[in-house]
Amino acid sequence: MNTKTGRIVGVKGNLLTVEFDQAVFQNEMAYARLGEDHLKAEVVRVRGSYAELQVFEDTNGLKINDQVVFSNQLLSVELGPGLLGQVFDGLQTPLYDLSEAYGVFLKRGAYLPALDREKTWSFTPAASPGQSLRPGDFLGQVAEGPFAHQIMVPLSWSGRYTVSSIVQAGEYNIEDSVAVLTDRKGNEHEVRMLQEWPIKVPIQNYAERLRPQEPLTTRIRCIDTMFPVAKGGTYCIPGPFGAGKTIIQQLTSRYADVDVVIIAACGERAGEVVETIREFPKMTDPKTGRSLMERTIIVCNTSSMPVASREASVYTAVTLAEYYRQMGLDCLLLADSTSRWAQALREISGRLEEIPGEEAFPAYLESVIAAFYERAGIVLLHNGSQGSVTIGGTVSPAGGNFEEPVTQSTLKVVGAFHGLSRQRSDARRYPAIDPLESWSQYPSLADSEDVELAASFLRQSHEIAQMMKVVGEEGTSLQDFVIFLKGEYLDAVFLQQDAFHPVDGATGAERQKDTFAQVCSILNTELAFESKDQARSFFQTLTQTTLDWNRTPEESEEFEDLREKIKSHVAEQALYA
Ligand code: ADP
Ligand code: MG
């Protein structure tokens with residue numbers, strides 16, 4: 001096929017208008033020629049014989065009549081061994097290498113391949129000649145970090161293939177041919193460990209999508225017990241600046257019960273992203289004791305990077321997650337913050353002079369957000385195993401106002417909502433997840449009646465607190481005052497958790513069930529007090545003892561002693577002892 005080209009007829013920021021003579025298509029990749037450099041771009045709109053292209057970098061120097069070469073390909077990422085532990089930008093340029101060469105920021109036109117071509121991997125074949133396979137089926141594996149990285153029949157192929165030949169166990173690089181497959185027409189195709197996938201198209205090589213029901217424990221009590229997340233589910237964490245979104249995401253990437261973590265770091269300031277890149281390699285993986293980066297991929301961008309690269313980053317991230325899901329792994333994608341991504345959509349839409357929707361976001365914002373979260377899921381693969389992609393996105397609405405379009409569009413599609421409140425973070429009640437606003441459609445690891453009981457105490461306690469602000473403590477009945485104290489107790493010892501404490505910082509599923517059952521039994525116990533002062537001092541001691549209990553390792557002797565201490569303290573005050 002001859003090269004498909006066009007000529008620039010307009011330049012407006014990162015947006016080019018290009019006249020072409022052979023058909024081009026939406027989201028097709030193209031390169032604008034600038035002397036020796038090829039600036040990567042994507043077709044964002046086609047009208048008649050004109051296309052609008054979003055250039056992924058600075059367009060300075062591009063002029064009318066300059067040449068554009070179209071690639072006939074959709075914007076794609078590279079998939080294969082070597083992804084784990086890497087830091088990429090939205091276009092999958094490895095930033096570690098770049099940072100050595102040029103500092104964290106990209107030199108224009110510098111496209112390093114995402115995956116190392118030279119590095120060899122120890123491949124063990126699993127398929128044999130004569131076997132009939134379909135795309136996504138496993139041909140063999142290599143060890144990557146803590147996992148067996150499955151080498152698959154390329155996901156973009158279709159139909160059935162017969163294995164003609166497969167290499168013996170040995171060292172191969174990702175471009176070496178490891179197998180030859182024959183299609184139904186008798187044509188032979190070579191398979192390499194390296195494959196590509198277009199980022200805006202979901203990978204769908206599975207037998208069935210299942211309902212997300214199995215809890216994904218994060219070891220954050222407020223989440224797992226009260227507002228749980230399911231494997232393959234979706235959730236959203238909106239909150240004002242400084243409310244703790246990034247800390248929650250760091251805790252979940254460390255402790256969530258998943259195999260692979262993909263971080264899409266979309267920062268306001270370059271500093272935030274640099275911080276993420278610095279912090280992650282230092283974090284240890286509680287599962288292995290080694291660096292968390294071994295099973296993490298970071299896709300990052302800042303507002304100083306070109307808008308199109310920012311827009312691409314969440315798709316790049318979710319495609320990487322889907323790829324590891326195809327190996328039967330559980331993957332967690334954390335996008336922080338999706339507001340920055342939505343701003344990129346707004347900028348692109350503005351330059352295209354589209355009719356704006358609410359707050360100048362594109363009118364199709366809601367469907368774009370929905371399509372992104374729909375890529376989460378738990379699936380049954382053709383080989384009978386299950387894999388999942390769970391998506392958690394933070395939203396940073398200006399002034400913490402959840403009534404804005406990004407929060408609202410996200411709320412319509414996610415399965416759980418962890419709304420952070422400024423009031424709680426100001427009061428240093430961390431995590432600042434507001435128990436009165438948050439919700440989840442997924443099953444809790446705790447007993448559902450207990451979860452309802454706890455929610456009802458929190459609500460009543462809040463109402464009584466509001467009332468007390470008006471009528472004062474004297475105007476409140478002793479009975480109401482005790483309900484208020486019970487709600488505060490639940491909040492202090494269960495919802496709040498000290499992220500930086502070695503024991504309290506992460507509570508496993510069994511311990512959560514145990515603690516929660518004990519706290520709920522206290523909520524259910526009728527207590528007899530002679531005065532509010534007596535009630536207050538009782539709960540002060542109870543809270544302190546329970547906090548000590550939270551900070552005590554389960555395997556220690558003290559753990560059972562403290563449990564008994566709590567029980568006897570309550571028994572002394574119980575009405576029907
Ligand atoms: P955001 O991402 O919402 O802007 P951060 O996650 O950066 O907010 O949190 C801001 C600060 O709040 C942190 O640096 C930390 O001091 C405090 N903080 C947030 N969450 C917690 C927590 N769970 N425990 C203790 N401190 C917290
Ligand atoms: Mg943050």
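## Polar contacts of ligand 1

In this predicted model, an oxygen atom of ligand 1 lies 3.3 Å from a polar backbone atom of alanine 243, and an oxygen atom of the ligand is also found 3.0 Å from a backbone N or O atom of glycine 244. Lysine 245 takes part through its side chain, one polar atom of which is 2.8 Å from an oxygen atom of ligand 1. On its own, ligand 1 has 560 Å² of accessible area, and the protein covers 74% of this.

## The surroundings of the ligand

Ligand 1 is located in the largest pocket. The residues around it include the run Pro240, Phe241, Gly242, Ala243, Gly244, Lys245, Thr246 and Ile247, and they also include Tyr430, Ala499 and Phe500.

## Salt bridges

Side chains of opposite charge can pair when their charged atoms come close. With a cut-off of 4 Å between a side-chain nitrogen of Lys or Arg and a carboxyl oxygen of Asp or Glu, the model contains 31 salt bridges. One of them is formed by lysine 12 and glutamate 353, whose closest N and O atoms are 2.8 Å apart. This pair connects distant parts of the chain, since its two members are 341 residues apart: lysine 12 belongs to strand E1 (residues 4-12), whereas glutamate 353 is placed in the loop between helix H6 (338-351) and helix H7 (365-373).

## Backbone geometry

Most residues other than glycine have a negative phi, and most peptide bonds are trans. Against that background, the peptide bond between aspartate 336 and serine 337 is cis, with omega at about 0 degrees, and serine 337 is situated in the loop between strand E22 (330-336) and H6. A cis peptide bond also leads from tyrosine 430 to proline 431, where omega is near -10 degrees.

Glutamine 92, a residue other than glycine, has a positive phi, with a value near 70 degrees. Its position is in the loop between strand E8 (87-88) and helix H1 (95-102).

Methods. Residues numbered from 1 in each chain as written. Chains lettered and ligands numbered in written order. Predicted model: local features only at pLDDT ≥ 70, side-chain atom pairs only at ≥ 80, totals over all residues. Heavy atoms only, no water. Near = heavy atom within 4 Å. Polar contact = N/O pair within 3.5 Å; in protein donor to acceptor, adjacent residues only side chain to side chain. Areas by Shrake-Rupley, 256 points an atom, 1.4 Å probe, with all protein chains shown as cover. 1 Å grid on protein atoms, 1.4 Å probe; cavity = no way out; pocket = protein on both sides within 12 Å on 5 of 7 lines; lining within 4 Å. Sits in = over half its atoms within 2 Å of the grid points. Helix = DSSP H or I, 4+ residues; strand = E, 2+ residues; numbered from the N terminus.
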